[in-house]
Every structure is written in C-alpha cells, then in structure tokens.
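Let's take a friendly look at how charged side chains pair up in a protein model. Keep the sequence and the 3D view open as you read.

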Amino acid sequence: MRREALFSRSGFYGFVLKSNVLLHREATQDAIIALQTVLAGWERNQPVAVLDLACGGWPVAIAEVMAAFPDICFHYTGVDINPDQVALAATSFPFPDNVTETRLLEGNAWDLDELELEPDYTLIFSGMNLHHGTPEEIDYLGHQIQKRLRPDGRFISHDVFRPNHTLYVPRPLLIDGEAAALVNPERLAARGRGGAECSSPKAISEPAWRSDYLEQMRRTLLARGADPDGTASTLRHMQSRDYPVSTEEFRHLMENIGFEVQIRGYENTHEPLGPYIATCVLQLREST
C-alpha cells in the first residue's frame with residue numbers, strides 16, 4: 001500500500017501470508033465455495049474474467065481459487081499501487097496453468113475509473129485492502145465495482161473488520177506526513193460524500209478492540225516464528241493505517257448500493273485474529 005517497504009519485493013508480508021495469521025486459507029476455501037454455483041454451468045471455451053484489487057506481488061489466495069477450477073480458463077487482471085509488487089507478480093509469481101492471460105497494472109485500486117479495465121468481470125476480488133478506507137471511500141469503490149460486475153458475478157472481499165457495536169476510529173488526515181486519502185477528495189465531494197477523518201491520530205483515545213487487535217497480531221506472529229523486525233514493521237503499518245468498518249457497516253453500505261451480502265466470520269475458529277477477519281461474498285440484486 002502506498003509503496004510501503006512492508007509490501008516490497010523483500011518485505012515481510014510474505015511471511016504474513018505463509019503463516020496464515022490473517023486466515024488466508026479459510027478465506028480461500030470460502031471463496032471457492034462461493035464460486036462453485038457460478039461456475040457450475042460455465043462454458044469451457046469462455047474465459048472467466050477476474051479483477052484482483054490491490055493484488056500485491058504474491059496473490060496466493062486468488063491464485064488458489066482459480067486453481068480449484070482446473071477445467072475453466074481464467075483471464076486475470078491485477079491492480080496494485082506499488083510498482084515493485086506489480087513487477088514481482090508479473091515476472092515471478094507462478095499463476096496456475098488454467099490462467100491463460102494475465103495483466104498487471106500499476107494504479108490506484110480505489111479508483112477504477114482511472115484504469116483501463118474490461119467492462120465486466122465475473123469475479124472481483126479484494127484481499128486485505130478495504131480496512132484502510134473510510135466508509136465514504138468504500139461506498140465510492142462499491143459503486144465502481146457495481147458498474148463492472150457481471151449480473152451473475154461475485155465480488156469477494158477477505159478483510160479486517162472491527163467487531164460490531166464497537167467504536168469506529170476515524171482515519172487521520174495525514175499518515176507518515178502524507179495525505180491519507182485513498183480517493184481524490186474532490187471526487188468524493190462531487191458525489192456528495194464527505195471524509196470521515198480526524199485531524200490527528202490522537203483525536204480520540206484508542207478503543208479496547210483496537211489495542212487487542214494489535215496485541216493479538218504481535219503475539220501470533222512471534223508464536224509462528226516471525227522475526228522481531230518484521231513483526232515491528234507489520235505493527236507499525238497496522239497502527240498507522242488500519243481503520244476498519246464493522247461487518248454490519250460494510251453490509252449496510254453495500255446493500256444501499258444494490259448488492260446482496262453474505263458474510264462468513266471466523267469468530268468461532270481457534271485463530272487468534274478470527275474475531276477481526278471475515279470473508280464477504282456479494283452479488284448484484286436482480287433489480288439493480
């Protein structure tokens with residue numbers, strides 16, 4: 001995100017993926033189940049168009065989803081703001097054999113109108129991205145996804161959510177000395193959407209859920225063999241950039257746009273971060 005070293009070619013995020021701290025394995029299985037109905041009667045000579053938002057250099061989850069349907073051909077488009085990650089995915093990532101076309105684009109995965117994309121996709125995937133956005137930015141992105149999703153397609157988001165009925169922490173206007181906005185504020189203003197941000201990170205006190213979220217991440221990484229420096233870099237990123245909505249807020253935003261929303265939470269797993277992770281499967285309502 002925003003060209004951070006954590007997500008660079010030599011960054012620590014690869015360990016986060018491999019250690020399953022953020023439940024990538026569970027999310028992958030839920031995404032496969034969600035697509036089985038969609039692809040059950042798919043014509044084998046018709047490619048499935050996939051758009052991966054904030055794909056990163058090692059898009060493991062979506063690749064495993066596509067690999068689970070070996071008789072179906074996929075055309076994959078990945079978007080990421082980090083040029084190093086785009087180059088890594090384009091040159092080094094081993095996509096499954098049934099992915100017959102790949103496009104890797106450097107760009108803002110929060111503003112699809114700025115990108116050269118296909119008119120419609122059967123699957124739009126977002127992994128660990130939406131928790132950086134304000135409700136207004138999520139709403140903005142949701143409307144763009146709505147325009148690009150096939151009527152029979154799915155939008156799947158595997159992400160961090162704060163527990164329902166807990167305090168929302170507004171994102172600061174500046175993060176590490178730079179503007180924190182993920183979408184041009186003028187574009188949000190044109191849609192009549194203001195920014196839910198505060199003037200400084202200390203505008204409100206740290207709520208208990210956020211302190212627990214950070215502590216569970218620290219303990220789990222170290223317990224699974226993470227090096228202290230990598231753990232520290234991950235926690236710095238989370239502390240400065242993670243301002244998630246709740247699943248119920250996400251549902252409300254997306255239903256207002258015209259989606260049907262199914263949410264698979266992981267509170268009942270034995271994973272320490274389970275209460276903060278969910279996979280959301282969305283499809284367009286017929287009247288949309």
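What follows is a short tour of some salt bridges.

This is a predicted model, in which local features need pLDDT of at least 70, side-chain atom pairs count only at pLDDT 80 or more, and totals for chains, interfaces and linings use all residues. Residues are numbered from 1 along each chain as its sequence is written, and side-chain values use heavy atoms, leaving out hydrogens and water.

Side chains of opposite charge can pair when their charged atoms come close. The structure holds 13 salt bridges (a side-chain nitrogen of Lys or Arg within 4 Å of a carboxyl oxygen of Asp or Glu). The table includes three of them.

| Salt bridge | Closest N and O atoms |
|---|---|
| R187 and D111 | 3.4 Å apart |
| D176 and R241 | 3.8 Å apart |
| R251 and E248 | 3.5 Å apart |

Take R251 and E248: both sit in helix α9 (residues 247-257), three residues apart, about one turn of the helix. Helices (H or I, at least four residues) and strands (E, at least two) are DSSP runs, numbered from the N terminus. E248 is partly exposed at 39% relative accessibility. Here, buried means under 20% relative accessible area, exposed over 50%, and partly exposed in between (1.4 Å probe, protein chains only).

Now for R187 and D111, which form a salt bridge. This pair links distant parts of the chain, 76 residues apart: R187 is in helix α6 (residues 185-190), and D111 is in the loop between β3 (99-106) and β4 (121-127). R187 is partly exposed, with a relative accessible area of 31%, whereas D111 is buried at 1%.
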